[in-house]
Amino acid sequence: MAAHGTTGGMKATRRIRPTPALAAGLAAGLAAAAAMVAAPAAAHAQGWSPGVHVYPVPESRFVWSEPYLSEDGTAVGVTLFDSNVFPQPQTGAVIRPAGTSQFSVNRILNDISDGGAFTTEYATRRSAAGVVDVLVPSATRPQGSNQRSSISGNGRVVAMSIEQSSFDLPSVLYRWTPETGTQLLGSYGPGAFQTSVRGVSRDGTTIVGDGYNVLVEDDVPWMWREGQGFTLLPTLPGAPFASGTVNAVNGDGSIVVGTVTSQSLFPVAAVWRDGVLTTRPPTQGFRTSLIRDLSDDGSIMVGLMNPNGGGQSLNVIWTAETNWIPVLDYFRLQGLEIPSYYSSPFLEVSADGRTFAGLVFDQRTGTNVIGVFVVPSPGVVSVIGGVVMIASRRRRIRRVV
């Protein structure tokens, strides 16, 4: 369709001799289009090429949690478990286009920075060279704990939810930077029992998460910013429970995503843009939706929908043009060839919206593999065609007037 539009737009401009003002505007548009195309290519110089890249899990290992994708789309962090040993040792690994590196010690990987330069564990930051910074010296992860840490894209801000010495005791938020060291930020509010971090903005200015009160176990979404402290994010008015969860934040902290409880008691995907809540309801036939991750500008979001009456969940991608669409359908529309034996993965997405990563079930072997999906850059012709079409439409309007 883009090719047809491009051809029509270019023919229209040939039939109309442009004025100097239109020519200048068109030249500026072409320059801007070229810059738009060049920027994603430069950003992904060290990333994966467009297409589908699959990494089998090593024999006798399995992946307990979803992989973490760096914001620049150049590295994936994952925790591998040994299925033949109990209690099962956990080993972090970092996957890059050039190869995979695996930790030599028993660690659970929580998050990864741009380029895989740093990863985080419960209360530590690890460099790609294996140097470990202990950020909360007295902290050890309780057995079975689901608390975690998050790291900014540049690797210089780490946010950690740290529990007491036994499982399911109150957790509080810590923040570490090379300049400030470790700071105790505390709880999101009075009576908070759990304060769980879910993400750090790429620029490190914003920490997001959720938690619950010791008396009322409704999930409370929150954000923290330097100089402002904790701010509670709004939930849906009229809902039986003022409840919401947070999953991710964009590059500068202006967009937060997760879920809120709807008036029908079912979770619905939530977007807080500059603190203002909007929702992304599920499509017909589904009763719940959630957003797991988003591109920097919020134009692409990845998530999950659950069908009415139960049944298998559907992994989906949201754009303004498509609404919710199954993940593999979206990739195929982008020109990727997806084998029929791969299941739909639950994904994370890079800041520019081009690289996706998640666990993929291989129906041939009955095992999970780690999949990285890279959609091609917008073509120069289609982008320039859009500029030309706009210019020619403006020209036609001026002629009518």
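Which residues does valine 369 touch, not counting residues up to four places away in sequence? In this predicted model, valine 369 touches Val54, Tyr55, Pro56, Tyr342, Gly358, Leu359 and Val360, where contact means heavy atoms within 4.5 Å. Residues are numbered from 1 along each chain as its sequence is written. Because the model is predicted, local features need pLDDT of at least 70 and side-chain atom pairs count only at pLDDT 80 or more, while totals for chains, interfaces and linings use all residues, and side-chain values use heavy atoms, with hydrogens and water left out.

Valine 369 has its place in strand E29, strands (E, at least two residues) and helices (H or I, at least four) being DSSP runs numbered from the N terminus. Valine 369 counts as buried because its relative accessibility is 6%, buried meaning under 20% relative accessible area with a 1.4 Å probe and protein chains only. Glycine 358 lies eleven residues from valine 369 in sequence, with 8.6 Å between their C-alpha atoms.

The largest nonpolar core has 18 residues, and those with the most contacts inside it include Phe356 and Phe373; such a core is a set of buried Ala, Val, Leu, Ile, Met, Phe, Trp, Tyr and Cys residues joined through side-chain atoms within 4.5 Å.

Leaving aside neighbours within four places in sequence, phenylalanine 373 is in contact with, among others, Gly51, Val52, Phe331, Leu347 and Phe356. Another core, of 15 residues, lies apart from the largest one and has Val76, Leu80, Ile95 and Leu359 among its members.

Across the protein chain there are four helices and 29 strands, and 48% of the 401 residues count as buried. Among contacts between residues at least 6 apart in sequence, 44% join residues at least 24 apart.

The largest cavity is lined by Glu71, Arg202, Val249, Asn250, Gly251, Asp293, Leu294, Ser295, Asp296 and Ala351, a cavity being a set of points on a 1 Å grid over the protein atoms alone where a 1.4 Å probe fits but cannot get out, with lining residues having an atom within 4 Å of a point.

Key
Buried < 20%, exposed > 50% of the residue type's maximum accessible area, 1.4 Å probe, protein only. 1 Å grid on protein atoms, 1.4 Å probe; cavity = no way out; pocket = protein on both sides within 12 Å on 5 of 7 lines; lining within 4 Å.
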